Each structure stands twice: as structure tokens, then as C-alpha cells.
There are 2 protein chains.
Amino acid sequence: METTVRNKQVILRDYIRGFPKESDLMIVTPVNTTELKVIDSDDPVFAKGDFVWGIVDWEEYSTVNSIGRSKIDINVNVPLSYYTGILGLTGLTAYAGLFEICSPKKGETVFVSAAAGAVGQLVGQFAMLMGCYVVGSAGSKQKVDILLNKFGFDNAFNYKEEPDLDAAIKRCLPQGIDIYFENVGGKMLDSVLMNMKTYGRIAVCGMISQYHLDTNEGIQNVPVVIYKKIKMQGFAALDFFDRYPQFLEFVLPYIKERKLIYVEDIVEGLENGPAALVGILHGKNVGKQVLKIA
Amino acid sequence: METTVRNKQVILRDYIRGFPKESDLMIVTPVNTTELKVIDSDDPVFAKGDFVWGIVDWEEYSTVNSIGRSKIDINVNVPLSYYTGILGLTGLTAYAGLFEICSPKKGETVFVSAAAGAVGQLVGQFAMLMGCYVVGSAGSKQKVDILLNKFGFDNAFNYKEEPDLDAAIKRCLPQGIDIYFENVGGKMLDSVLMNMKTYGRIAVCGMISQYHLDTNEGIQNVPVVIYKKIKMQGFAALDFFDRYPQFLEFVLPYIKERKLIYVEDIVEGLENGPAALVGILHGKNVGKQVLKIA
């Protein structure tokens with residue numbers, strides 16, 4: 001095992017796998033954070049039993065070079081799976097998109113699409129904690145119920161039951177939208193643009209309605225960006241990784257005080273992974289899709 | 001004339017009228033800055049012969065309340081008409097869009113549409129002064145010649161002679177676009193999005209190709225905003241009016257040293273105004289359209 005020693009290898013048991021968030025699905029290799037438990041290690045930094053997070057293949061066991069890997073510093077009594085989500089890139093995505101791109105102010109109106117999803121549920125709750133008026137859209141009655149009754153959104157609608165998205169938005173947000181957290185694209189974006197307020201901000205996290213199409217739907221209302229002076233910005237959480245400690249400082253107290261609710265959709269068994277991935281594209285998951293491997 | 005005295009009225013001779021820039025054409029009442037000469041005044045601040053700038057109706061003489069009006073502080077030997085353009089909102093538009101929205105860095109690539117227009121010609125030259133590689137598009141051979149030979153753009157093309165805008169952009173900017181200054185919208189924006197570099201910035205000043213359409217063209221490539229992490233922002237110069245002194249400090253030395261070239265398209269006589277306004281929509285003007293009234 002000399003080579004192993006020189007290479008600082010770690011043998012890991014794949015534990016819990018987070019699924020990609022909506023926006024990663026358009027990239028060829030989706031980035032999935034996996035929580036891994038150290039089984040054997042020739043790197044003194046990683047002791048047997050330690051938890052490590054990282055990106056590995058879809059497998060039950062992984063042998064990886066330890067250089068550049070980092071242990072999970074479990075400093076709060078939460079399920080380990082939270083580190084694939086609310087305390088991982090999912091949480092950082094919601095945080096960076098809302099705070100770094102959109103700078104929410106108390107009393108502003110925030111609209112979140114795919115609001116019951118991994119990122120959306122956090123964006124909505126973060127915005128409510130800031131004193132914003134928050135409305136979400138989702139694709140089933142069950143999801144809308146969760147938005148209203150579990151997360152306490154100010155209002156919500158099921159886009160599949162709305163023949164006119166523009167009317168649905170106007171009903172829930174008659175005063176217009178200051179901040180839109182974009183997860184779906186297509187017709188929803190077109191309707192949102194018509195309802196943005198002057199100086200509105202749009203954080204573009206994903207456009208899941210477009211990924212299965214051969215040709216994207218055209219967005220007709222882009223010109224309103226001019227006279228409403230709208231900022232629209234795509235982003236990825238990894239670009240804000242230096243804000244991770246600041247994010248933890250923000251989010252951990254709320255988790256401890258149970259002021260944040262986090263919903264996961266847990267599937268067990270590696271063999272059920274592909275079906276769960278397809279399920280995300282069809283909006284089947286409620287909350288963050290997670291795969292329990294061990 | 002007692003009422004006049006109390007009201008601090010000024011009687012003005014309308015002198016030179018600047019036409020709206022592209023983006024103003026979608027607003028019902030286009031904002032036109034006009035240079036006016038004081039003929040009579042009961043406000044001691046405005047003496048006979050002073051020049052004033054402001055927004056007035058299409059007329060030969062104007063009687064206005066002097067409150068809130070400001071004299072033109074002519075501190076450089078340039079044509080008076082420059083105050084409707086390069087030293088007015090046109091210049092501030094180019095400055096704010098390029099510097100405040102897009103933060104150009106030396107060596108970056110900048111693409112400007114409607115580049116021979118009032119704003120575009122300045123954006124391109126400002127970017128070249130920053131050490132950027134600048135390419136412009138325009139709608140005639142004459143305009144492309146001006147871009148290349150008068151303003152010294154690094155490259156330029158006539159979009160009307162390009163059957164494939166994507167190919168034209170790739171030919172002129174094979175390395176991609178860091179900054180796009182948007183004046184036209186529609187198919188050009190769609191092609192530009194495909195050629196933006198990661199972390200690209202788009203200042204959205206106008207979309208003149210869309211204003212005469214009953215229904216806007218749909219923009220299909222909006223999803224690239226996500227994985228290229230593009231910022232796209234609409235703006236208006238008036239929101240940056242507090243930067244005007246800073247802008248003058250930047251631009252006046254370049255004008256004095258003749259490092260900036262400014263092209264105007266001057267029409268004489270109020271009766272020729274409407275035709276010139278229609279001409280802008282058809283891309284007939286070369287440079288800033290100005291109407292000489294007196």
C-alpha cells in the first residue's frame with residue numbers, strides 16, 4: 001500500500017448524495033455533493049469515521065486523493081444530509097442569489113418560482129426573515145400547501161392550474177415584483193417581466209422548464225428591462241464560496257432556533273438514483289432531492 | 001407683466017434641439033434636450049444672452065418658469081450642439097452604461113450595436129481609451145466606414161449584409177464578448193448571447209429593432225445567462241445624474257486633446273423635425289441627430 005501512502009488516499013463509504021439543483025441540470029456533468037465517511041486513510045488529516053464532503057461518481061465506495069478534500073465540521077445538531085443542501089451549495093445558492101445579487105430591503109416584494117424546491121424554499125424563508133412580502137409558485141396542490149402552511153409564504157399559486165400566469169402574478173402581487181428568484185424560465189419569466197417594478201432585480205438560478213426542449217422558448221418581454229431599469233444576473237454558488245463562513249454565521253442561528261424549516265425528499269438505495277434524477281425534471285420532488293446510499 | 005415677475009419667467013429662443021436617443025423612443029413623450037438662448041428674463045440668475053438647457057415643446061420660442069432650470073456652463077470651445085449630445089444625456093448614457101454597469105478592464109472585448117449612433121460612437125471610443133478591443137455593428141456601408149476609419153474601431157460589420165449574425169460576431173470576436181452595449185435587441189441580442197464570455201456584462205440602453213413591431217421578437221438564448229453568469233441591466237442616464245461632474249472631468253480633456261471624435265447629423269428648420277425623428281427609426285441618421293432651430 002506504499003503508493004497509497006504517497007498519494008494520501010482515502011477510502012470512503014458513500015453515504016448521502018445530494019442531487020443537482022435545477023441550474024446544474026443543464027451542465028453535462030451535474031455537480032452533486034456527496035457526504036462520505038472515511039473507512040480507511042493514509043492521510044493523518046482524515047481519521048476513520050470522519051465525514052468528508054465532495055464530488056464523487058455514482059458509487060457505493062470511493063477511493064480518492066485526499067488533497068483538496070475537506071472534512072465536514074459538524075457543529076450543529078442537524079441531519080447529516082443537510083450538508084448536501086441547506087448547509088451546502090444549495091443553501092449558499094439561495095443566500096448568494098438573494099443577498100449578493102438582489103439586496104433585499106424590508107417591505108420589498110419577492111417572487112420565487114419552483115419555490116418548494118431545494119433552493120426556492122430557502123430563498124423564500126430568507127426573504128421573509130428580512131421582512132419581505134414573499135410569493136411562490138409551484139407545480140402541485142401539495143407543494144402550494146407546503147409553501148403556505150409549512151414555510152409560511154405570504155401567498156402562493158400552482159402554475160399548472162393557472163391558464164394566465166400574468167393574471168396569477170397580478171392577483172398575488174398587485175403592487176408588482178421588486179425581486180424575482182428565477183428557477184424555471186420560459187412563459188413564467190415572460191409574465192414576471194411584465195410585472196417587475198422599476199429597479200427590479202432578477203437572480204437567474206435556473207430555467208428548468210427549458211432543459212428538456214429542443215429549442216428554448218423565446219422571451220418576448222426582454223425590452224421591459226430598459227424602461228424598468230431591471231438587473232438580471234445569472235450566477236453560481238461556487239463563485240461566492242468565499243462567503244461560506246459568513247453564510248454559516250447567518251444560517252446556523254436560524255436553524256438552531258427553528259426559524260428555518262427545511263424539507264428533503266429522501267430516496268434510499270443507489271439503484272433508485274436515476275429515477276429520482278428524472279423525477280426532478282418532472283417536478284416530482286418536494287424539497288431537496290437526496291439519495292441515501294448507506 | 002407682474003405675474004411674469006412673480007413667476008420668474010424666462011423667454012427663450014429655441015436654438016438647437018437634440019433628438020431622443022434610441023431608448024427614449026419607446027417612451028410616449030421622448031425626452032429632448034434643447035439649448036435655449038435667453039431673450040428676456042425677470043429672474044436675475046438668467047441674463048439676456050445666456051444659454052440654458054432644458055426640455056421644452058417643439059417650438060421656436062419658449063416661455064418657461066426659470067425655477068429648476070440651469071444655465072449651460074460653457075467651459076470648453078466646442079459647438080453648442082455638443083450640449084445636446086456628448087456633453088449632455090447622450091454622453092452620460094454612454095459613460096454610465098459602460099463604466100457603471102459594465103466596469104471595462106484593459107484587454108476585454110466590447111461589442112456595440114448601433115455603433116455609429118449618438119451613444120454607440122461614444123461607448124466604442126470610451127472603451128478604446130480604456131484599452132479594450134472594440135467591435136461595432138451598424139446598418140450601412142457608410143456607417144461601417146465611419147466606425148473603422150473615423151472612430152478607429154478594431155472591427156465592424158454591416159448587419160444588413162450578414163445573413164448569419166452569429167457568424168459575423170464569431171468572425172469579428174472569435175474570443176467572445178466580455179461587454180455588450182445593447183442598442184438594438186431582437187436577433188442581434190440572441191446572437192450576442194451565444195457569444196458572450198463567462199461573467200459577461202450587458203448594458204441595455206435600447207432595443208430600437210423592436211419599437212415598430214406589434215409583438216416583440218422572442219429571445220431564445222436567455223438561458224445562457226445562467227451558465228455564463230451574465231449580468232444584463234437596463235438603465236437610464238438620469239439615474240446617474242450625480243456622476244455628471246465626474247463624467248465632465250473624464251470627457252473634457254479627451255475632447256480638448258481631440259482624442260474623442262463626435263459626429264452629428266444636423267437638420268435645419270423646425271419644419272424638418274418630424275421627418276428627422278422618423279429617420280432615426282429607419283437608421284437614416286449618422287451620429288447624433290440634431291435639429292437647428294435658430
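Where in chain A does UniProt place the feature "transmembrane region"? The unreviewed entry puts it at residues 80–98 and 110–136. Keep in mind as you go that this is a predicted model.

**Stop 1: the annotated spans**

Select residues 80–98 of chain A. This span is 53% helix and 0% strand. Its end C-alpha atoms lie 25 Å apart.

Now select residues 110–136 of chain A. Here the chain is 44% helix and 26% strand. The end C-alpha atoms of residues 110–136 are 8 Å apart.

**Stop 2**

Residues 118–251 are 39% helix and 22% strand.

**Stop 3: where the chains touch**

Show both chains. On chain B, 31 residues are in contact with 31 residues of chain A. The two chains bury about 2,400 Å² between them, and carbon and sulfur atoms give 69% of that area. Pick out B:Q220, B:I226 and B:M232 next. Together they supply 23% of the area that chain B buries against chain A, more than any other three residues.

**Stop 4: polar links**

Look for polar contacts across the interface. Ten residue pairs, both partners at pLDDT 80 or more, are in polar contact between chain B and chain A. There are also two salt bridges between the chains. Zoom in on A:K229 and B:D239, whose side chains meet in a salt bridge at 3.2 Å, N to O.

**Stop 5: the elements on chain B**

Color chain B by element. By type, the residues on the side of chain B that touches chain A divide into 17 nonpolar, ten polar and four charged.

**Stop 6: strand against strand**

Finish at β11 in both chains. Select residues 231–234 of chain A. This strand pairs with β11(B) in the antiparallel sense, over three bridges. A:Q233 stands opposite B:K231 in β11(B).

Technical notes:
Residues numbered from 1 in each chain as written. Chains lettered and ligands numbered in written order. Predicted model: local features only at pLDDT ≥ 70, side-chain atom pairs only at ≥ 80, totals over all residues. Heavy atoms only, no water. UniProt positions renumbered as here; feature names shortened; annotations may be inferred. Helix = DSSP H or I, 4+ residues; strand = E, 2+ residues; numbered from the N terminus. Contact = heavy atoms within 4.5 Å. Buried area = accessible area lost by both parts, 1.4 Å probe. Salt bridge = Lys/Arg side-chain N within 4 Å of Asp/Glu carboxyl O. Polar contact = N/O pair within 3.5 Å; in protein donor to acceptor, adjacent residues only side chain to side chain. Nonpolar A, V, L, I, M, F, W, Y, C, P; charged D, E, K, R; others polar. Pairing = 2+ DSSP bridges.
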